[in-house]
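Student: I would like to learn how to read the features of a protein structure. Could we go through one together, feature by feature?

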Amino acid sequence: MKVLLAQALLGAMFAVAAASKLADRDGARRAIAAVGVPRRTAAVVGWGLACAEFAVALALLAGVWLAGRATGYSAVAATVALVMLTGFSAVVLASLARGRALECHCFGRLSSGPAGWSTLARNAFFAALAVFVALHGHFGGPLAAIAIAMLALWLGPALYARWTARPGAPAADLALPDRAGHIWTLDRLQEDRRPLVLVFSQPGCGACDALLPEVLGWQRDLPGRITVAVINAGAASDAVPLELVDERRAAFAAYHITATPSAVLIDAGRRLDAASGAGPIRELVDRAVRLSTQSTFTRRGLLRRASAGLASAGVLPVAAACAADHPSNAKALQVEDVWMCEQTFALCTTAPCVPSPTDPTISVCDCVVVNGNSIGSKNCTERAQSGSKIRSAFSTVNINTNFAVLSCPSAAPWANCLDVECEIDPRNPARAKCQCVTVKTGPSITFGGGCDTATCTSTIWSAASPEMYQAGMRQLRTAMDRVGKPVTFPPPCPAK
């Protein structure tokens with residue numbers, strides 16, 4: 001019975017792996033090409049690998065169905081499974097030894113993300129099952145111990161992260177310096193026993209900069225009710241009274257922060273809730289205020305609650321007057337043939353790109369991960385973050401005086417990143433690599449290049465055609481007007 005159970009688990013795993021690869025053929029092809037297989041050959045290898053996995057799964061599950069009467073075939077299938085798992089593990093191990101993290105599509109979109117040590121532990125768990133089946137149940141004790149250990153190494157970190165991030169879990173301690181070099185711990189931040197909101201930010205995050213005036217207002221106007229501290233992955237700013245520096249991202253990792261701006265609410269040393277994006281962070285601050293034991297509200301606090309945090313203090317009366325006509329936080333809004341969503345996305349408006357080493361039609365662009373409003377042709381469910389996977393969309397959340405629109409000639413290649421799939425960098429959750437479509441003909445418009453026309457040919461920029469850009473500006477402005485939020489577009493580069 002134990003052999004049949006192990007055989008069923010092994011067969012089911014190979015069946016799911018094969019089916020998911022066929023459902024995500026493009027992802028599987030890219031993952032195989034990343035190993036060094038030529039692009040044209042990668043598609044054939046992907047089909048062959050999926051067929052081999054299906055064959056192994058069929059042989060194993062048929063043996064289970066026949067209740068062990070196909071023992072010989074099952075042993076052969078288990079041996080083939082062991083060889084395949086060993087080969088997969090060798091590729092991952094060689095990649096890790098070279099300091100690379102291959103994109104894993106072992107189970108298609110079900111497990112897309114960088115292949116690492118957890119991948120090796122998963123393969124070792126199923127390899128132990130394969131050996132157990134191939135040996136007809138002999139050496140069950142040692143193999144069971146190995147399987148249990150590998151299962152713990154595979155699932156343990158993810159389960160531990162979920163457990164520590166649950167509402168009511170003890171908050172992770174921290175010891176971070178402010179700009180004066182003074183060390184702040186969780187106990188010091190909560191020594192007055194007020195609810196604590198930790199706001200996570202990092203340099204280059206346009207949505208963080210847009211939220212900063214409200215954060216300053218919370219720190220200035222709500223000190224008697226809550227404590228608001230900013231944790232910055234870069235250097236601290238003189239403008240923020242309470243800002244801690246976390247260049248090693250230790251607090252980011254401890255609180256499982258993968259995108260900025262994000263925030264965590266802590267009360268009495270326990271983690272109560274978390275939020276990503278400006279709107280949810282405002283709601284989190286509202287909850288922190290409600291948790292406060294004091295009964296008085298500052299005037300700004302009342303105004304901020306009434307306006308649902310639509311704007312900073314300078315425009316709050318206007319925002320409150322418009323609140324009756326516009327929803328305060330539209331999570332999904334359709335305008336013509338596009339959707340505006342308030343969620344995590346990759347912003348590639350100034351992204352430099354390089355040609356893909358495996359696919360001449362693809363440019364790999366270095367984009368930033370932000371939270372906020374953006375538009376794209378896919379709906380919000382399709383664009384929602386899934387693990388380390390996000391979609392690129394169009395927005396102007398990081399526009400400032402340093403931005404301008406550069407027009408490039410038709411001879412300059414550019415990258416179309418709208419709605420493409422991106423992978424968040426596990427070492428820097430503020431960045432994402434996006435697989436953008438290379439466009440080799442037609443003029444383009446980009447926010448990158450710093451108005452230097454020479455960069456049109458020296459760099460592949462994430463850009464848009466003039467028609468796409470004009471339509472995007474009109475649709476984004478319409479959507480932002482409907483929710484009562486301002487939108488700023490950069491001016492064109494000066495003529496030379």
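Student: How many bridges join strand E6 to strand E9, and do they run parallel or antiparallel?

Tutor: First, keep in mind that this is a predicted model. Strands of a sheet pair through backbone hydrogen bonds, either parallel or antiparallel. In this case, E6 (residues 196–201) and E9 (residues 262–267) run antiparallel, and five bridges join them.

Student: Which residue in E9 is the bridge partner of Leu198?

Tutor: The partner of Leu198 is Val264.

Student: What is the order of the strands in the open sheet of six strands?

Tutor: The order is E3-E10-E9-E6-E7-E8, and the pairing is mixed. At the edges are strand E3 (169–170) and strand E8 (243–245), each of which pairs on one side only.

Student: In which sense does E15 pair with E12, and in which sense with E18?

Tutor: Take one partner at a time. With strand E12 (residues 338–347), E15 pairs in the parallel sense over two bridges. Here Ala346 stands opposite Ser392 in E15. With strand E18 (residues 421–425), E15 pairs in the antiparallel sense over three bridges. On that side, Arg391 stands opposite Glu421 in E18.

Student: Now helices. At what angle do the axes of H1 and H3 cross?

Tutor: Helix H1 (residues 2–23) and helix H3 (residues 39–65) have axes that cross at roughly 155 degrees and come within 8 Å. Angles over 145 degrees count as roughly antiparallel, which makes H1 roughly antiparallel to H3.

Student: Is the crossing of H1 and H3 left-handed or right-handed?

Tutor: The crossing of H1 and H3 is left-handed. The contact between these two helices has 19 nonpolar, three polar and two charged residues.

Student: Next, disulfides. How many does a search of the whole structure find?

Tutor: To find them, look for pairs of cysteine sulfur atoms within 2.5 Å. The search finds seven disulfides. We can read some of them in detail.

Student: What is the S to S distance between Cys341 and Cys380?

Tutor: The distance is 1.9 Å, and a disulfide joins Cys341 to Cys380. The angle about the S-S bond is -95 degrees, and the link of Cys341 and Cys380 is left-handed. Cys341 lies in strand E12 and Cys380 in helix H13 (residues 380–383), so the pair ties together parts that are 39 residues apart in sequence. Cys341 has 0% relative accessibility and counts as buried. Cys380, at 11%, also counts as buried.

Student: Which parts does the disulfide of Cys408 and Cys456 tie together?

Tutor: A disulfide joins Cys408 to Cys456, with S to S 2.1 Å. Cys408 is in strand E16 (residues 406–408) and Cys456 is in helix H14 (residues 455–458), so this link ties together parts that are 48 residues apart in sequence. The link of Cys408 and Cys456 is left-handed, with -70 degrees about the S-S bond. Cys408 is buried, with a relative accessible area of 7%, and Cys456 counts as buried at 2%.

Student: Last, backbone angles. What is phi of Phe139 near, and where is Phe139 found?

Tutor: Here one looks for a positive phi in a residue other than glycine. Phi of Phe139 is near 55 degrees, a positive value. Phe139 is found in the loop between helix H5 (117–134) and helix H6 (140–164). With a relative accessible area of 61%, Phe139 is exposed.

Student: Where does Glu336 lie?

Tutor: Glu336 lies in the loop between strand E11 (332–335) and E12. Phi of Glu336 is near 55 degrees, a positive value in a residue other than glycine. Glu336 is partly exposed, with a relative accessible area of 47%.

Notes:
Residues numbered from 1 in each chain as written. Predicted model: local features only at pLDDT ≥ 70, side-chain atom pairs only at ≥ 80, totals over all residues. Heavy atoms only, no water. Axes fitted to C-alpha atoms, helices over the stretch in contact; angles between N-to-C directions. Helix = DSSP H or I, 4+ residues; strand = E, 2+ residues; numbered from the N terminus. Parallel < 35°, antiparallel > 145°, perpendicular 65-115°, else oblique. Left-handed = near helix turned anticlockwise from the far one by under 90°. Nonpolar A, V, L, I, M, F, W, Y, C, P; charged D, E, K, R; others polar. Pairing = 2+ DSSP bridges. Buried < 20%, exposed > 50% of the residue type's maximum accessible area, 1.4 Å probe, protein only.
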